[in-house]
Amino acid sequence: MTKRIFRAIFYVTLVILIAAMVIILAFIRDFNKNNYREQMRNEAIYIADGLSYGGISYLESLPKDSNRITWIDQDGVVLYDSQADASTMENHKEREEVQEALASGRGESSRYSKTLAEKTENFALRLEDGTVLRISATTLTTLSIFLSMTQPMALVLVLALVLALFLASKTSKYITKPLEEVDLEHPEQALVYDELSPFLRRIAAQNRQIQKQMRQMQHRQREFRTITENMQEGILVLDTKGEVLSYNTGAIRLLGIDHISEKETIYALNRSEGFRTCVEAALHGSHRETTLEQGGRSCQLLANPVMEEEFVAGAVLVLFDNTEKAEREKLRREFTANVSHELKTPLTSISGFAEIIKNGMVRQEDIPRFAENIYQEAQRLISMVQDIIQLSRLDEGESGMEKIPVDLAAVAQSAVSRLRPLAEQKEIDLQIDVEPAQIMGVPHVLEEILYNLCDNAILYNKEQGSVCLRIRDEGAQASVTVSDTGIGIPQEEQERVFERFYRVSRSRSKEVEGTGLGLSIVKHGAMLHDASVSLKSEPGEGTEIHLVFPKKA
Amino acid sequence: MRTRFDEQLDQLHIELIKMGALCEEAITAALKSLFDRDKSLIPVVLEKDGEIDRKEREIESLCMRLLLQQQPVARDLRTISSALKMISDMERIGDQAADIVEITENMHDKKFEIASSIHIRSMSQEAVKMVTNSVDSFVKRDLELAQEVIRYDDIVDDLFSKIRGELIELMRQGGTDGEVYIDLMMIAKYLERIADHATNIAEWVEYSITGVHGKMDGGEA
């Protein structure tokens, strides 16, 4: 804009300058011409005056280097010429100025020289005796004036141009400066030119709208980020070429990478076959899902295309960790298999005994023994079902589990007294070493825990072995330790003994009556009380199980 | 505004990742077929080898188009020229995976037990790890990882000579069909070659990042 204004000003100045010079030149010429003629007229009158007194000798006395003077008689014969020999000159009767003078008393004419550089002005005057006096003077033509003036004119022109340049640049800057200083962030404060105010007002309005929309977008983006960041699931948004547009930390965690750089291609994050085919399918417009296994974790991947009308605009990948789910699923299947197996064994025995009796294949005196067997198996079933019920109650966190202040010592006494007959029968020395320890707990669950611990310790013991139940008040917590001199648990199995129906070595479990649920009940009961369970065991030496209950529930 | 050139370079990057992944899959499947005696994996490996060959041609023509149409300079030129070298190494890895399953196919018909005293399992683990790491170093443009792969080559070479010694010892003792030992020897050699190709890939990754190629610019001969 500055340039344009500058150019406009500059050209206008230039045009005006040239026009002014031309006009001035024309005036000068005109003025010159008139002035000159006036002088020649006066000169002619003076010389005519002189001629009438002094005759031809007066003419000869005049200086030769001034204007040319010619005296012509009424027939056109030259009587005298100041610059040439009069006798050799042709007749001047036909000359324009002479004719005019003879007719009207005075005549004028001008003739250009061959080069046009000079012009001869003639003035003729008829004297009283009828002769004609002519004065000729060479004057400069417009062209020669112009040529003679080129130098100063060029100088003026250059000066004017420089000045014009300087002023034009200044002026244009002066005009555009306020425009440059307009703060487009706050256009309404900068009303420099009235002509601009509609634009500025429009810009201001648009600015406000843009800011509002930006705020809304940022807000929405924050909202989206907050939601996705707090998700456990991983989300990745891809463009059509498979570059990551957006992601959350869940995705980084589940893909097992440290970071995602900007515009990274998805294949750089995971290039396994399943992942690749899923992503490619999604980018070609179809939904696909797969399970990714890596580093011992399993991860479900859902790949969905993002369609815009009929074209794929990208893809959204959702990842979620289903390691735990898969594990739970496995556990549940195992549990079901175990329950059915454990229930089936006694039922098969019962059914078998009953069938033999029904068929009358048993002698009368053997029936009590068979009945005893059926009774034992039924008892086993009952206790197992009870244990399962107990466990599922713990699982469900059923009502009736309100925690109240309980003295562990009292609970221990009760559990031990229930187990006394069993211990005596197995010839196990059941010792109890308790001190009062008050915790918040569910009495019947606590008793079940202690009962099961001691029960296990007695059942899986050596002959003449011993079991010791110890309870200690340790200030903020209470500890329960059950140690035995039993057969112990091998190192590699110690992890698993708390699982439902898990029994160390199947063959041995046949000898010992047990449901395989005892330690599972202990574990779940401890969880209900936020207690920690630790196990120390040496095969052949014995086992020690240590529980720590926090006092505050 | 991204130019077509940048888009083509990105495309090249993606295709190379895919080809690298195919190599990893081919070699992993080949070795799984060997150790787990899984015949069903043989066609899988051969299929992957074919796909690797197709990918090689595809990437090659993409590189040529880039070189002719865009006339890249400096870093971009290095990227493309190392891509051209890398694909031939990757293609060789695919071929060698196919060679391994071909040998494995023969071995499946025989009754034999790969003695645990032979280090072939650990060698194959190391070779696969090298391939994975070399592809990873390319994907992440990770110079350190590339240099680690280059150093790692010696370990695989040592394992190769160890296996050779072990096999000679076993053959001297007689016992199992001698053919099995020869087959195992060849597989070990293929693994050693695969490790070399992985090293080459890592060297080209190093070159494309630093502009200096270890072997060509006066490193180890």
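**View 1. Residues 143-168 of chain A make a helical stretch.** Here the chain is 100% helix and 0% strand, with its end C-alpha atoms 32 Å apart. Helices (H or I, at least four residues) and strands (E, at least two) are DSSP runs, numbered from the N terminus. This is a predicted model, where local features need pLDDT of at least 70, side-chain atom pairs count only at pLDDT 80 or more, and totals for chains, interfaces and linings use all residues. Residues are numbered from 1 along each chain as its sequence is written, while chains are lettered from A and ligands numbered from 1 in the order in which they are written.

**View 2. Residues 6-28 of chain A are helical too.** They come out at 100% helix and 0% strand, and 33 Å separates the end C-alpha atoms. An unreviewed UniProt entry lists 6-28 and 143-168 of chain A under "transmembrane region"; such annotations, given in the numbering used here with shortened feature names, may be inferred rather than shown by experiment.

**View 3. Five strands of chain A form an open sheet.** Their order is S7-S6-S10-S9-S8, with antiparallel pairing (two strands pair if DSSP finds at least two bridges between them). At the edges sit S7 (244-247) and S8 (288-294) of chain A, each pairing on one side only.

**View 4. Zoom in on S8(A) and its antiparallel partner S9(A).** Seven bridges join S8(A) to S9 (residues 297-308) of chain A. Look for A:Thr291, which stands opposite A:Gln300 in S9(A).

**View 5. Chain A meets chain B.** Eight residues of chain A are in contact with ten of chain B (C-beta atoms, placed from the backbone, within 7 Å).

Note on methods: Two residues are in contact if their C-beta atoms, placed from the backbone, lie within 7 Å.
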